[in-house]
Amino acid sequence: MKNKATLIKIAGWIAILIALFFVFTKATENNSVNAFAQSYSDFRDQQYDTHIYSYIPVVDASSETGEENYFTYLAKAVDTKQTNNFRKSNAEQALSSYDSLNQKAMDTFSERIGKLDSATSRLVEAANKIGNDEYRTTATEVTKYARQIQQNYESLRLKYVERFNLQTKLLGELADNGGDIFALGITLKDGGTKIPKIGGDIKSLIEETDKTSQKMDDLYFSLKGRAGLKDYTNKFTENQ
């Protein structure tokens, strides 16, 4: 009888330990998927800032501010109906404005992409720590979209650089030759051929990034519903 009582007691302790193990495993699993949710919120915050800064270097806000800027000076510098002196002066002002404003905005855009890259790496790390195979698989797919978004912003930055390089080369030659735009045959032709194509590439990258963001968000919310993830706000949801 004593042995039987001992066995019953041992069996009870084993049952308790098994129950505790499952409770601990479930808690660990919940912690890992919620850590991923928090990392996703951080990624979206970084993406929002990158998105905003992606427009600053290339937007002509003169109609709102009433102030001249790189783009207004550029338009005047290539106006074939104006005098050489007029074009020369505006070419010089465009270059000065680019150095003081647009280049700095491009530098900030580059820094934001770097922060987005770091946020993407943290998201990948959080996804890999999820214990549940089904949830980890979905989270991994989310990270692939996130990485594509980060790479798209870098490609966008490079397209901006390519276009600015063509424009500033033209402006530099105009400033140097006294504003004689008709003497810039090769440079003018090169820019006229390449810049429109670059503009098309930029538009495609922006559209692709928007579509990828929507796919990523849809997939994340499907995971959120299945896994019962905590609500973490981000700048996209706050500014809708």
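Helices here are DSSP runs of at least four residues, numbered from the N terminus, and in that numbering arginine 157 belongs to helix H5. The model in which this residue sits is a predicted one, and the chain as a whole contains seven helices and zero strands, so that, because runs are numbered from the N terminus, the pattern read along the sequence is α-α-α-α-α-α-α.

Of the 240 residues in the chain, 38% are buried. When contacts between residues at least 6 apart in sequence are considered, 81% of them join residues at least 24 apart.

A packed pair of helices is described by the angle between the two axes together with the distance between them. For H4 and H5, the axes come within 10 Å and cross at roughly 165°, which means that H4 is roughly antiparallel to H5, since angles over 145 degrees are counted in that way. The crossing of these two helices is left-handed, and the residues of their contact divide into 21 nonpolar, ten polar and seven charged.

Arginine 157 itself has a relative accessibility of 17% and therefore counts as buried, the limit for that class being under 20%. If its neighbours within four places in sequence are left aside, arginine 157 is in contact with Met106, Phe109, Ser110 and Ile113.

A second pair joins H4 to helix H3. Helix H3 spans residues 70-77 and helix H4 spans residues 84-128, and the two pack at an angle of about 155° with their axes 8 Å apart; H3 and H4 are therefore roughly antiparallel to each other. H3 passes H4 in a left-handed crossing. On the side of H3, the residues that take part are Tyr70, Phe71, Tyr73, Leu74, Lys76 and Ala77, and they meet a set in H4 that includes Phe86, Arg87, Asn90, Gln93, Ser97, Tyr98 and Asn102. By residue class, the contact of H3 with H4 comprises nine nonpolar, four polar and two charged residues.

Threonine 72 also lies in helix H3, and its relative accessible area of 14% means that it is buried. Threonine 72 touches Asp60 and Ser62, when residues up to four places away in sequence are not counted. Between threonine 72 and glutamine 93 there are 21 residues of separation in sequence, and their C-alpha atoms are 9.8 Å apart in space.

Methods
Residues numbered from 1 in each chain as written. Predicted model: local features only at pLDDT ≥ 70, side-chain atom pairs only at ≥ 80, totals over all residues. Heavy atoms only, no water. Axes fitted to C-alpha atoms, helices over the stretch in contact; angles between N-to-C directions. Parallel < 35°, antiparallel > 145°, perpendicular 65-115°, else oblique. Left-handed = near helix turned anticlockwise from the far one by under 90°. Contact = heavy atoms within 4.5 Å. Nonpolar A, V, L, I, M, F, W, Y, C, P; charged D, E, K, R; others polar. Buried < 20%, exposed > 50% of the residue type's maximum accessible area, 1.4 Å probe, protein only.
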